[in-house]
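Q: Please take a close look at one part of this model with me. I'd like the geometry along with the cut-offs behind each term.

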Amino acid sequence: MEMKHLIYALTLVMGLALSSCNSAEEYKPMDKLDLNGAWEVVELTGTPLEETAPFLEFNVTDWTVSGNLGCNHLMSRVSFDDPDDVDYDLTAIKFDDPASTMMACPYLDIEHAFATALEETEYFGIDDKGQLWLMDDNHVRLVLLRRK
């Protein structure tokens, strides 16, 4: 079982390296209120998830997001660019001070990678399939989610 986790961790690292070549494409304009609701993680740093099912649930009106990293629960504030800013970006998003429970669980490598990706997220976009992408400050795709 440990070898499987090691292989998965290496795959995540390779996926992150390869995803740096996978910069943002065209995304549909989306009002931040359209984020409300539950989103299931499908892909993390270029690697499809099969063993565990992390998810996020946005409540934009309360500026919060909660969810599950795979086993541990997650909670965070979420913020967006101020429309009055000169450099306003409709797609800017930030997970502020995310916190989670700290149970010993299988797939902690996936949980850690997901938590790190959330901390690095600066932008979001919806592709032509209605899937949500979370991206870093260079618009490199970190997390792919679909409506739950």
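Is F124 buried or exposed, and at what relative accessibility?

A: Happy to! This is a predicted model, so local features need pLDDT of at least 70 and side-chain atom pairs count only at pLDDT 80 or more, whereas totals for chains, interfaces and linings use all residues. Residues are numbered from 1 along each chain as its sequence is written, and side-chain values use heavy atoms, leaving out hydrogens and water.

F124 counts as buried, at 2% relative accessibility; buried means under 20% relative accessible area, exposed over 50% and partly exposed in between, with a 1.4 Å probe and protein chains only.

Its surroundings come next. Ring pairs link F124 with W63 and F80 into a cluster. The structure holds three aromatic pairs, where rings of Phe, Tyr and Trp (its six-membered ring) pair if their centres lie within 6.5 Å, and planes under 30 degrees apart count as stacked, over 60 as edge-to-face and the rest as tilted.

One of the pairs joins W63 and F80: the ring centres are 5.9 Å apart and the planes meet at 55°, so this pair is tilted. W63 sits in the loop between β3 (55-59) and β4 (64-68), and F80 in strand β5 (residues 73-80), so parts 17 residues apart in sequence are tied together. Strands are DSSP runs (E, at least two residues), numbered from the N terminus. W63 is partly exposed at 34% relative accessibility, while F80 is buried, at 14%.

F80 also pairs with F124, edge-to-face, at 6.3 Å centre to centre and 80° between the planes.

Technical notes. Helix = DSSP H or I, 4+ residues; strand = E, 2+ residues; numbered from the N terminus.
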